[in-house]
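Dear colleague,

I am handing over the structure we spoke about, and below it you will find my notes on what turned up. Please read them with the coordinates open beside you.

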Amino acid sequence: MKIHHIGYLVKSMEKAQKTFTELGYRIEQETVYDDYRQIDICFLEKDGYRIELVCPGTATSVVANLRKKIGNAPYHICYETDDLEKAVEELKQKRFVICEEPHAAPALKDRRVVFLVHGQMGMIELLEK
């Protein structure tokens, strides 16, 4: 598995984009709204590193409560994998727990993603290659 991006939770997409671009990041993909998860997503890149800005679109989005709890902060690492099901099974054997079943991600050309959590590591995302 290879790192695809770091997910960064933000309260305001516009303000976060402005701050990151002032630090030299370039917008790699304009903001996309994910109806299923009720979030706005934007990808930025700098020096070969990609970050994903994630902003709750509604008070009931999948990250709304987390954003209130931790504020603006990185909250997951996304790994790209050739075989999503196999990677999930391997991680389950290492005590990772699925947070949400695999589902298409509009901001990633509808490739499937799955989120898992581990008590000693926190949340990760797997992205189907």
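His 4 is buried in this predicted model, since its relative accessible area of 11% falls under the 20% cut-off that the word implies. The residue belongs to strand β1, which covers residues 2–9, and its side chain makes a polar contact of 2.8 Å with the side chain of His 5. If neighbours within four places in sequence are set aside, the residues in contact with His 4 are Phe 43, Arg 50, Cys 78, Tyr 79, Glu 80, Leu 108, Arg 111 and Leu 127.

Turning to the charged pairs, the count of salt bridges comes to 10, and I describe some of them here.

Glu 45 and Arg 26 form one of these salt bridges, with 3.4 Å between the closest N and O atoms. Because Glu 45 lies in strand β3 (residues 39–46) while Arg 26 lies in strand β2 (residues 26–34), the pair ties together parts that are 19 residues apart in sequence. As for solvent accessibility, Glu 45 is buried at a relative accessible area of 16%, whereas Arg 26, at 45%, counts as partly exposed.

Which residue forms a salt bridge with Glu 128? The partner is Arg 112, and the closest N and O atoms of the two are 2.8 Å apart. This pair, too, links distant parts of the chain, with Glu 128 placed in strand β8 (residues 122–128) and Arg 112 in strand β7 (residues 111–118), 16 residues apart. Glu 128 counts as partly exposed, with a relative accessibility of 23%, and Arg 112 is likewise partly exposed, at 25%.

Another pair to examine is Asp 34 and Arg 37, which form a salt bridge whose closest N and O atoms are 2.7 Å apart. Are these two residues buried or exposed? Asp 34 counts as buried, at 2% relative accessibility, and Arg 37 is buried as well, with a relative accessible area of 4%. The pair does not stand alone, because a salt bridge needs a side-chain nitrogen of Lys or Arg within 4 Å of a carboxyl oxygen of Asp or Glu, and by that rule Asp 34, Arg 37 and Glu 100 are linked in a network of salt bridges.

When you go through the model, you might begin with His 4 in strand β1 and then move on to the network that includes Glu 100.

How values were computed. Residues are numbered from 1 along each chain as its sequence is written. This is a predicted model: local features need pLDDT of at least 70, side-chain atom pairs count only at pLDDT 80 or more; totals for chains, interfaces and linings use all residues. Side-chain values use heavy atoms; hydrogens and water are left out. Helices (H or I, at least four residues) and strands (E, at least two) are DSSP runs, numbered from the N terminus. Buried means under 20% relative accessible area, exposed over 50%, partly exposed in between (1.4 Å probe, protein chains only). A polar contact is a pair of N or O atoms within 3.5 Å; within protein, one must be able to donate a hydrogen and the other to accept it, and residues adjacent in sequence count only if both atoms are side-chain atoms. Contact means heavy atoms within 4.5 Å.
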